[in-house]
Amino acid sequence: MYRYDEFDAQIVKERVAQFRGQVERRLSGELLEDEFKPLRLQNGVYLQLHAYMLRVAIPYGQLNARQMRMLARIAREYDRNYGHFTTRQNIQFNWVALKDIPDVLALLAEVEMHAIQTSGNCIRNTTSDHYAGAARDEIMDPRPWCEIIRQWSTFHPEFAFLPRKFKIAVTGAEHDRAAIRVHDIGLHMRERDGVRGFEVHVGGGQGRTPHVAALVNDFVPEDRLLDYLEAIMRVYNLHGRRDNKYKARIKILVNELGPEEFTRQVEVEFAAQRPHEKIDLPQAEIERIHAYFAPPELATKPETSDAFEAAKANDKAFARWARINLHPHVTPGYTSVTVSLKPIGGLAGDATDAQMEIIANLAETYGQDDIRVSHAQNVILAHVALDDLPALYAELDAAGLATPNESLITDLIVCPGLDYCNLANARSIPVGQAVQQVFADPDYQEDIGRLHINISGCINACGHHHVGHIGILGVDKKGEEFYQITFGGRADEKAAIGDIAGPGLKSEDVPGALKRVVDRYRELRSGKDELFIDTLGRLGHDPFKEALYAAD
Amino acid sequence: MSSVRPKLKPETPKAVTAWETATGRTVWMTADGGWTTDTSKIGAFTGDAAEERLAAAAKQETDINDPYFMEVTEAGGITGRETLRETIRANGPTVTYGDKA
């Protein structure tokens, strides 16, 4: 993984010192909240319902054990013994006192971490495929380009005050696991005539006006990428609306201009860049960054493992976990392991300090010191030998981290909702827990197969409800929580925004209603291989709406 | 600055609530104009007196953040349309979390 050079280290250290001074001035009254708020937001500090929340960047979701241990320490010493992994592959601490945050940032800097660009109208943490550099179906590793984008965008003066926040995602596999088409810019790595490059999608996003991104260029060679991104950003910076917060995202601009006109303007801007403005990287620099992401040196192993096969034969629970929570690795004899943060009845994406320590230890022992956070709020050990899986599973299981549900119906994406968030209209967590309970039977879950339920507690859609196969949106109706259900969303290469099924449901009615929908799917599917989303596509939404609103 | 919350009629009993700057803890104004973290000591105000209390709170921005009105009973109990939100602000998440989950 990338390691800081002296410039990175200096920038982060100076930023901590600067923010320490700003906090001191806020606490002394020299700065009032209106003056301080933009400064704290530039350092990832929000004020939520009952406390400050600190959002820490995890660039493209990759961590090492030392960094995970520091997160555990912060949870223990400055928070309430846990942290929350987010849908943008970051981590949030919910109870940190403002007076302590400079000390927390100083600890983070010790392990090459920070909270820069986790808030505000700037280019945020670039997200990626959580199996990057490990997946068998990967064409190219997206992480070097995520890192290049990170370096280009960090403190970029031209893009420090954009009309609105800006999110970029990159994937290097045919199957999009990074939801790139619902980002402001989504980059899909491609190879053409031996040249590496990117398919560029612009103007995707969720929130109150969801859009799937438009394809604006089907191939930008990698050595032109940064210039092309600058051209997009300049068109947005010039013409994005600053008069209305709700119309300020680039998706509105792309939609109002139309994708063709937007693309034309980007191409004009791209062509007009003068030589001294070009920031295309020399090949040597591209290769230098790539070198940080060289694959781990894995011992040669056969495709199959006798120890793994024997454990599966002898232990049904282990066999189930192995069927569900493993992902094919590019190297024979290895796999990527999903460490589920979705125990039944638990809090999606939360991990205690003790669990973080255990994950760090396991990453060192079995996982090449490589930990990932997924946008689905789980943790991944990217490189694990099949031979080691029985021992790894035993330790995960003992720590409550071996729930066999990756991409199954209980692997819900759930935002913090009204239990934590100052913007939320309704609670998400208890509804997610209740939905998990009705589908808790592992055999039932496996029979249902891959089905993504995503929940947001308000229209800002941090819980990605628009792109859940089944989406749940919490709304407030005269002080009472109601939940709108959507069908047909998806976040992959066939990205789509779900359609609202009808009137909202009371929270206590949601689990039963969804069970009726799922059982209708099991009746109607053409076979066990037909996923819910495909049955929905084949038959339309009506049978499922009927089931949703059918009386018990 | 002030949070944008539902507007309350002048005669509706209301409390002034905010966050403590140094810690982020939720605080409420007491009847005598001090600040408390104890919900049994929430002061209820109406009419011009309430507006004066909010204005006074806004001048204390060194110690507290973002004061706003929330609806309460005459005795200072949380009530009204935002009961759930304000109850969560007062008592914490409705789910068990961290190592108690």
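T17(B) stands opposite Y68(B) in β4(B), where strands are DSSP runs of E of at least two residues and helices are runs of H or I of at least four, both numbered from the N terminus. This is a predicted model, in which local features need pLDDT of at least 70, side-chain atom pairs count only at pLDDT 80 or more, and totals for chains, interfaces and linings use all residues. Residues are numbered from 1 along each chain as its sequence is written, while chains are lettered from A and ligands numbered from 1 in the order in which they are written.

**Chain B: overall form**
- Chain B has two helices and four strands, in the order β-β-β-α-β-α from the N terminus.
- The radius of gyration of chain B, taken over C-alpha atoms, is 13 Å, close to the 13 Å from the globule rule for 101 residues, so chain B is as compact as a globular protein of that length. The globule rule is 2.2 Å times the number of residues to the power 0.38.
- Along the principal axes, the C-alpha atoms of chain B fill a box of roughly 45 × 30 × 25 Å.
- Of the 101 residues of chain B, 34% count as buried. A residue is buried with 20 or more other C-beta atoms within 10 Å of its own, exposed with 12 or fewer, and partly exposed in between, the C-beta atoms being placed from the backbone.
- Among contacts in chain B with a separation of 6 or more, 61% join residues 24 or more positions apart; a contact requires C-beta atoms, placed from the backbone, within 7 Å.

**Chain B: strand β1 and its partners**
- Strand β1(B) covers residues 14-20, and six of its seven residues are buried, so the strand is largely enclosed by the rest of the structure.
- β1(B) runs antiparallel to β4(B), with six bridges between them; strands pair if DSSP finds at least two bridges.
- β1(B) also pairs in the antiparallel sense with β2(B) (residues 26-29), over three bridges.
- T17(B) has W28(B) as its bridge partner in β2(B).
- Five residues lie between the strands of the β1(B)-β2(B) hairpin, in which G24(B) takes a positive phi near 85°.

**Contact between chains B and A**
- The contact involves 27 residues of chain B and 30 residues of chain A.
- On the chain B side, β4 (64-71) and α2 (83-91) are the elements that give two or more residues.
- α2(B) gives the most, with five residues.
- The chain B side has nine nonpolar, ten polar and eight charged residues. Ala, Val, Leu, Ile, Met, Phe, Trp, Tyr, Cys and Pro count as nonpolar, Asp, Glu, Lys and Arg as charged, and the others, Gly among them, as polar.

**Chain A: domains**
- Chain A is divided into domain 1 (6-110), domain 2 (142-291), domain 3 (306-398) and domain 4 (413-549), with bounds from an automatic or database domain assignment.
- The centres of domains 2 and 4 of chain A, taken over C-alpha atoms, are separated by 31 Å.
- Ten residues of domain 2 of chain A are in contact with twelve of domain 4 of chain A.

**Chain A: sheet**
- An open sheet of five strands in chain A has the order β3-β14-β15-β12-β11, with antiparallel pairing.
- The edges are β3 (62-63) and β11 (326-328) of chain A, each with a single partner strand, so one side of each is left without a neighbour in the sheet.
- Two bridges join β3(A) to β14(A) (residues 371-373) in the antiparallel sense, and Q62(A) stands opposite R372(A).

Conventions:
Contact = placed C-beta atoms within 7 Å.
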